[in-house]
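Student: I am new to this structure. Can you take me through it in short steps?
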Amino acid sequence: MHPPGTKTSQQQQIQQQQQMPPPVPPFSRTRPTYPPKHEHEYEEEWRYGRGRQRYYARDMAMRACYDLWRRRYNEMPADPAQNYAPQSHYSGVPADILRVEHVDFRSQENAKDHRTFQYDLVQDHDRPTPVYRRGQAFHLSLVTREREFDCTRDHLYLNFYFGPAPSVPKRTRVVLPVTIQKEFTRAPQKWDVRIQAQDGNTLTLQVHIPATCSVGVWRCVVETATKNYPKNRTQYRAPEDLYVIFNPFCRDDAVYMENEAQRSEYVMTESGKVYRGGSRFSHGRPWIYGQFDDCVLPTACLLLEMSSLTHTERGNPVKVTRALCSMIQASRRGRRDREDEHGEGVLEPHYEDDFRGGQNPHLWTGSVKILQEYLMRGATAIKYGQCWVMAALMTSVCRALGVPARPTTALTSAHDTQETLTLDRYIDRFGDVIERGPGRDQPDSLWAFHTWCDVWMARPDLPSGYSGWQTTDPARAYHSRFSTGCGPSSTEALKKGDVGYSQDTGAFFSALNSFVRYYYEDDDSEWGYTPYMQNRMPVCRSVVTKAVGRHDDDGEADCEDVTKTYRDLERSEPERFTVFNACRGVRKDHVYYDYQDQGRYDVEFELQEPKQVAAGQSVSVTLQVHNNTSETRTVQATISTRSAFYTGVFGTHLKRVTGQFTLSGGQKDTLTLKLDASEYQDHLVDMGFIKITATGHVSENKQSYIDEFDFQFEKPRMSIEVPECQVGQECTATFTFSNPLDVALTDCFFSMEVGGAYRPRTVRVNREVRPRETFTYSQTFVPRKAGDHRMVASFASRQLHDVTGSRKLTIRD
C-alpha cells in the first residue's frame, strides 16, 4: 500500500472524485430565488399582458448585480487563507476522514432569538438566508456522511471568512476547533463554539458572535482531518452566506438602545414620516423604510463595498454610518467630484422643478423602489432625490444593518458654503431679496427646511456624555466642500458648541446657528449697502421628528419638537459668538464682525405670519407698525412675495405692497398684503413655498427693519379606502382627493406600496384632473404577507406635487 503522501494516477483519480469544493469556488453560486417571487405575484403582470418575462428580466438584473459584488472577494485565486495549494490540501487524504454532507444554519429558528425573522431573506421559502445579530449565539446542524463525529479521532474546524483577504489577527477570519466542550470557554468578545447535542451523524453546534464583529456578509467553511494526519484536510463550503448585523438589543454592542419603545420605533418599524415645512408649520410625509425587504440589506452591504471602507473597520458603527452616508448621494449629473470615489452613489440630487430623465422625488413612497432600481441598473445612480429622500434612504439602510436611525428636520436651515457662520442677504430698493447677492457670486442660501438622518450609538472616541444620537447628513456633499457626507457628529457636542472634535460638528452648528446679516441698497453708503439695524433671527426656528410609538394618518399629532436636543436655547448672543470664533479658529474675545443689539427701538415692527392656508385659497399677510415714542415718526414699509423652492432659490415675483405712515406718539397702523389664488396658482413651484419679505424704514432716526419667512400652502390629503385584505387574494384600494386649484392638473402620476406586503408601483394617470374636481383612482393589488402593514400613496402633476396619504392595513393569512 502506498504511503499517504505518495501519488499514483489511480489515487489522484480517487482523490479528484472525493475531494470537497474549495472554500471559495471560481464563481459564486447564483441565487435563483433573489428576490423571492410567488405565483400570486405574477397575476397582475399576466393581466396586463406582460407575463413572467418581465419578472425574470428583473430577477436576472438584480441577481447579476448581487453576484457581481459577491465575486469581488469570492474570486481571489491568490488568497492563501482560503485557497490552499492542491498538493498541501488534498494530497494524502485518509480514506476514513470525516466528510460533511450538509450544514443547516437553521435560519428561521435562529431568527426568532435574533429578532431578524421579519427579513425577507430569512423567510425565503426556497433558500432562507441567515441574518444574525452580533453579540448573540446561533445554532447550526452539521450532518456528516459515512459516520458520526468522534472527538478522539477527528479534527473538526469551523472557519468564518469576511472580505477579500481574511486574516486571523485582523479578526476577519475565525478558526473555531470543535471539541468535546459543552460550554463556551473564550471571552465574550471573541468567537466561540460549543457542542449542544449529537444524534448519530447530526451534530448540533452553538456559535457565539462577539459584539464587536464586523458587519456584512460572512462565509462559512467546515474543515475536517484525522488526528493521525492533521495537515491533510477536506473542506466543505456552506452554500449560504451569513449576514451579521449590529445588535441594539445587546448591552455590549455600541448601538445598544435601552429604551424598548425607542428600539421598536427606530429599528423594527418599517414605516414612518419625514417632516418638512416652512417657518412655523410642518407636515409629515409618510414613508415606507422597508428595511426588511430582500433588496435592502444586500444593497447596504454593497454600498459598504463600494465605499472602500476596509473590512476590518466594519465593526465600528461610526465608520460604517459615515461610509453609508458618503454613498447615498451620487455625484451630480454623473460627475465624479472626488478622486477617491470607488463607486457611484444611490441618488442623484435635483432641486429644480424639471424632472425629465428621471422620477419626480415626490412620487417616491419609500426606499425599496429606489434601492431595487439601483440594483437593477447595476449600481448606477437613480434620478432623482432631494435631502428628505436621502435622509429617509439613509434611515432604511441603517435600520437594515441594525443601527437605530430616524430622519430629523430643521425648519429654516442655513447653508454657509464659505464657512464664516454668516449668511449675507441683500435687499434692493423695492424690498426684494437679491438672489445670490449684487454680483450673483454669493453661494450661501437659506433653506425653508433641511432633513438629515440621526443614528444612535456609543461614542467611546469622544468625551463622556457625547454618546446617544449622532447626526449624519447624506445630502451635505452637494452643498459644501465636505465631499464624503457629513457626520456622524454628536448632537450633545452640537448643542454645547464643542466643535473641535470633528470638522463636521462645525458644519452642523453652522446650519443651525449661523447669523444672517441683511443689507439694504443705500446710495449714501461708500460701498452701496448699509446693514439693517433690526432683524429677526430666522435660522433653525425648530427641529422636528416623528414621535415614538405614534403615527397619525390624518394629521400631525405624531410630530415631536426636539429643538432642545440640538440647540442651547438659553445661550446668550455673546456666548453664541464665542462658539462662532471657536469654529473659525480665532480667539474667543476676537470681534470678527459687528452684530446688532436686539434692543428696544422707537418703532416696533411685527410681521404676523398667516395661519395655514390650503392651496387654492387666498392668503393675507399683515405687518403691524407701532410708534413707541411720544414723537411723530414717518415710516415706509413694504411686503413682498415670491414663489420659491424650499432650497431658497426664487421663482416668479408674485405681489408687492408699499405703505407710508405718519404715526403720532403711541399710534399703531398695519400694512396688509392679500394674495388671491389667481395671482399665485400658475406660478407655484415644487412644494408650493412662497417667500415673504417685510422691510421698514423710519425717516427721523434711520431705523431699519427686516423680517422674512417661508410660507407653504397646505396640500390636500389623500383618503384611502381598502376592504378586508387576505394574502394571495386580489383586493382593490380606492384613493380620493380634491383638486384645490382653478386650473386642470396635467402630466399626472400615481404611486403606491404596502410596506412589506406589496412592492412599489408607479403608473401614469391617462387623463387630466379638472379644476376643483374630486379625483378618485382605484388600484388592485395582491398582498404577499399577513399582519399589520401601512399603505402609502402619492400623486404628482405638473401643477401640484406631493399629494399623499397613508393608512394602516391588517392583512389576514
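Tutor: Start with a hairpin. Strand 6 and strand 7 form it, with two residues between them. In its turn, glycine 200 has a positive phi of about 65°. Bear in mind that the model is predicted.

Student: How many bridges join strand 6 to strand 7?
Tutor: Strand 6 covers residues 192-199 and runs antiparallel to strand 7. The number of bridges joining strand 6 to strand 7 is seven.

Student: Which residue stands opposite histidine 139 in strand 7?
Tutor: Look at strand 3, residues 137-144. Strand 3 runs antiparallel to strand 7, and seven bridges join them. In strand 7, the residue opposite histidine 139 is glutamine 206.

Student: How many residues of strand 7 are buried?
Tutor: Strand 7 spans residues 202-208 and is mostly covered. Buried here means under 20% relative accessible area. Of the seven residues in strand 7, the buried ones number six.

Student: What share of the residues of the chain count as buried?
Tutor: The chain has 813 residues. Its secondary structure comes to 15 helices and 39 strands. The share of residues that count as buried is 61%.

Student: What share of the chain's contacts join residues at least 24 apart?
Tutor: Take the contacts between residues at least 6 apart in sequence. Among these, the share joining residues at least 24 apart is 69%.

Student: Now the helices. At what angle do the axes of helix 8 and helix 10 cross?
Tutor: Two packed helices are described by the angle between their axes and the distance between the axes. Helix 8 is residues 296-306, and helix 10 is residues 368-376. Their axes come within 10 Å and cross at roughly 60°. That angle makes helix 8, relative to helix 10, oblique.

Student: Which residues make the contact, and what is their class?
Tutor: Helix 8 brings Val296, Thr299, Leu302, Leu303 and Met306. Helix 10 brings Val368, Leu371, Tyr374 and Leu375. By class, the contact has no charged residues, one polar residue and eight nonpolar.

Student: Which residues of helix 10 are buried?
Tutor: Helix 10 is mostly covered, with eight of its nine residues buried. Just after helix 10, glycine 378 takes a positive phi of about 70°. The buried residues in helix 10 are Val368, Lys369, Ile370, Leu371, Gln372, Glu373, Tyr374 and Leu375.

Student: How are helix 8 and helix 9 placed to each other?
Tutor: Helix 9 is residues 317-328. The axes of helix 8 and helix 9 come within 9 Å and cross at roughly 90°. The two helices are therefore roughly perpendicular.

Student: What class are the residues in the contact of helix 8 with helix 9?
Tutor: From helix 8 come Ala300, Leu303, Leu304 and Met306. They meet Val320, Ala323, Leu324 and Met327 in helix 9. The contact has no polar and no charged residues, and eight nonpolar.

Student: What is the bridge partner of serine 620 in strand 29?
Tutor: Strand 26, residues 619-627, runs antiparallel to strand 29. Eight bridges join these two strands. The partner of serine 620 is lysine 674.

Student: Is methionine 533 buried or partly exposed?
Tutor: Methionine 533 lies in the loop between strand 21 (529-531) and strand 22 (534-535). The cut-off for buried is under 20%. At 29% relative accessibility, methionine 533 counts as partly exposed.

Technical notes: Residues numbered from 1 in each chain as written. Predicted model: local features only at pLDDT ≥ 70, side-chain atom pairs only at ≥ 80, totals over all residues. Heavy atoms only, no water. Axes fitted to C-alpha atoms, helices over the stretch in contact; angles between N-to-C directions. Helix = DSSP H or I, 4+ residues; strand = E, 2+ residues; numbered from the N terminus. Parallel < 35°, antiparallel > 145°, perpendicular 65-115°, else oblique. Contact = heavy atoms within 4.5 Å. Nonpolar A, V, L, I, M, F, W, Y, C, P; charged D, E, K, R; others polar. Pairing = 2+ DSSP bridges. Buried < 20%, exposed > 50% of the residue type's maximum accessible area, 1.4 Å probe, protein only.
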